[in-house]
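Trainee: Could you walk me through how to read a model like this one? I would like the general idea for each feature, then the case at hand.

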Amino acid sequence: MAQSLNPPKTLNLNQLQLANTPSSSPLPVKSISKLLKKKKFPSIMISASSKMSSTQHQTPQSLSLQALTDGDRKTEVMNVIKNSVSNCLSETHLDLTVPGLKSKTRGKVRDIYDGGDYLVLVTTDRQSAFDRILASIPFKGQVLNETSLWWFSKTQHITPNAVVLSPDKNVTIAKKCSVFPVEFVVRGYVTGSTDTSLWTVYKNGVRNYCGNALPDGLVKNQKLPENILTPTTKAADHDVPVTPQEIVQRGLMTQDEYDEASMKALSLFHYGQQVALEHGLILLDTKYEFGKGSDGTVLLIDEVHTPDSSRYWIADSYEERFENCLEPENIDKEFLRLWFKDRCNPYEDEVLPDAPGELVSELAWRYIFLYETITKSKFEMPVTKEHVHDRISHNVSQALSSL
């Protein structure tokens with residue numbers, strides 16, 4: 001029997017109740033699509049300054065797995081990666097090294113410091129999945145920070161963001177804002193391996209997820225009839241599915257705030273899919289976070305379309321592999337998730353196995369490869385042996401003194 005997922009008021013992931021009646025949503029996906037057509041927000045068409053056209057007018061770039069698995073560029077990068085494992089940025093203590101920085105908030109990947117009128121966001125090399133820290137990946141923080149900055153710049157025609165400047169390869173200084181306690185997860189495909197992934201809940205019988213009615217007969221890795229929003233919120237360090245109606249009822253956002261952020265999230269995802277396809281990739285899902293500035297403006301924050309927040313497949317091989325019931329060729333961190341799931345229970349085991357060095361190096365390369373594929377620019381690895389924390393401390397100190 002088809003089931004529905006409607007998280008209880010306690011937002012405890014282990015106590016999710018499955019009901020027989022689909023939960024209602026004040027703003028279903030079809031309604032959001034209609035609102036988008038009213039052009040209340042800037043068009044999702046690519047701006048002229050980006051020097052790209054819509055996928056309707058440009059042939060997607062051909063990209064094969066061979067470019068990822070071998071070649072002179074991989075050899076060059078892997079040599080640097082292997083020599084940089086001992087200089088990963090796993091922890092930061094800028095409150096001890098940078099004058100004027102106050103409290104520190106430690107996230108899974110980012111360390112956030114209070115800099116008075118601004119926030120200093122340091123993207124570390126910590127690798128998280130299953131609500132755990134699994135390893136430290138060389139250059140990962142730099143990749144995430146610079147990928148986000150590229151997308152923040154390209155998406156200003158859709159929504160303003162909180163970025164002020166980036167004084168270091170791993171750092172973004174941002175405007176302070178009131179952060180909405182909701183992650184806007186947008187999905188275009190039925191896939192995933194975590195407990196909250198769409199494929200996991202779908203194969204367990206759920207047919208109404210976060211207010212979205214899902215048809216019977218979908219199979220793993222299949223494209224959805226249309227992109228959907230499956231918002232989550234936090235409880236006891238878990239990402240917990242929640243319906244739009246519950247978001248408003250619990251006072252997490254007002255109806256107007258949710259409507260605006262959800263429309264922006266769908267617009268950003270559609271645009272991201274266009275750009276990804278033009279570069280030979282499929283953007284299958286991602287998450288966005290928003291906050292409200294001091295003037296009431298809803299701002300895009302955190303990260304955009306990074307290999308941490310998003311999953312990508314190689315477009316050229318997707319259809320053939322899907323038709324032959326093979327997993328798509330991916331260039332994100334999914335293979336690391338699968339390695340841990342094959343060897344332990346990453347949600348419950350107190351001690352997890354150490355990720356092998358070759359797996360860590362491969363993931364570092366994949367992050368860099370994805371950055372170069374999306375941005376069409378060469379990833380610039382640090383040329384000095386200066387410890388990354390010392391470099392960041394110096395650059396952030398200089399930046400704050402000039403603001």
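Mentor: Arg106 has Asp111 in β4 as its bridge partner. The strands that carry such bridges, β3 and β4 (residues 110-115), pair in the antiparallel sense over three bridges. Two strands count as paired if DSSP finds at least two bridges between them, and strands (E, at least two residues) and helices (H or I, at least four) are DSSP runs numbered from the N terminus.

Trainee: What should I keep in mind about the model and its numbering?

Mentor: This is a predicted model, in which local features need pLDDT of at least 70 and side-chain atom pairs count only at pLDDT 80 or more, while totals for chains, interfaces and linings use all residues. Residues are numbered from 1 along each chain as its sequence is written, and side-chain values use heavy atoms, with hydrogens and water left out.

Trainee: Which order do the strands of the open sheet have?

Mentor: In general, strands of a sheet pair through backbone hydrogen bonds, either parallel or antiparallel. Here the open sheet has five strands in the order β3-β4-β5-β9-β8, with antiparallel pairing. β3 (104-106) and β8 (163-168) are the edges, each with a single partner strand, so one side of each has no neighbour in the sheet. On average, neighbouring strands of this sheet are turned by 20 degrees against each other, direction ignored.

Trainee: How many bridges join β5 and β9?

Mentor: Five, in the antiparallel sense; Tyr118, for instance, has Lys175 in β9 as its bridge partner. β8 and β9 also pair in the antiparallel sense, over three bridges, and form a hairpin with two residues between them. In that pairing, the bridge partner of Leu165 is Ile173 in β9.

Trainee: Is β9 mostly covered or open?

Mentor: Burial is read from relative accessible area: under 20% is buried, over 50% exposed, and in between partly exposed (1.4 Å probe, protein chains only). β9 is mostly covered, with four of its five residues buried. Of the 403 residues of the chain, 55% count as buried.

Trainee: Which helices lie across these strands?

Mentor: Compare axes, which are lines fitted to C-alpha atoms (for helices over the stretch in contact, meaning heavy atoms within 4.5 Å), with angles from 0 to 180 degrees between N-to-C directions. Helix α5 (residues 140-154) lies across β4, β5 (118-123), β8 and β9 (171-175), at about 145 degrees to β8. Helix α12 (residues 388-402) lies across β5, β8 and β9, at about 135 degrees to β8.

Trainee: How many aromatic pairs are there?

Mentor: Rings of Phe, Tyr and Trp (its six-membered ring) pair if their centres lie within 6.5 Å; planes under 30 degrees apart are stacked, over 60 edge-to-face, and the rest tilted. By this rule there are 14 aromatic pairs. The ring centres of Phe130 and Tyr347 are 5.4 Å apart with planes at 85 degrees, so this pair is edge-to-face. Phe130 lies in the loop between β6 (126-129) and β7 (132-136), and Tyr347 in the loop between α10 (334-343) and α11 (357-375), so the pair ties together parts 217 residues apart in sequence. Phe130 counts as buried at 6% relative accessibility, whereas Tyr347 is partly exposed at 25%.

Trainee: Which residues do ring pairs link into a cluster?

Mentor: Tyr189, Trp313, Tyr318 and Phe322.
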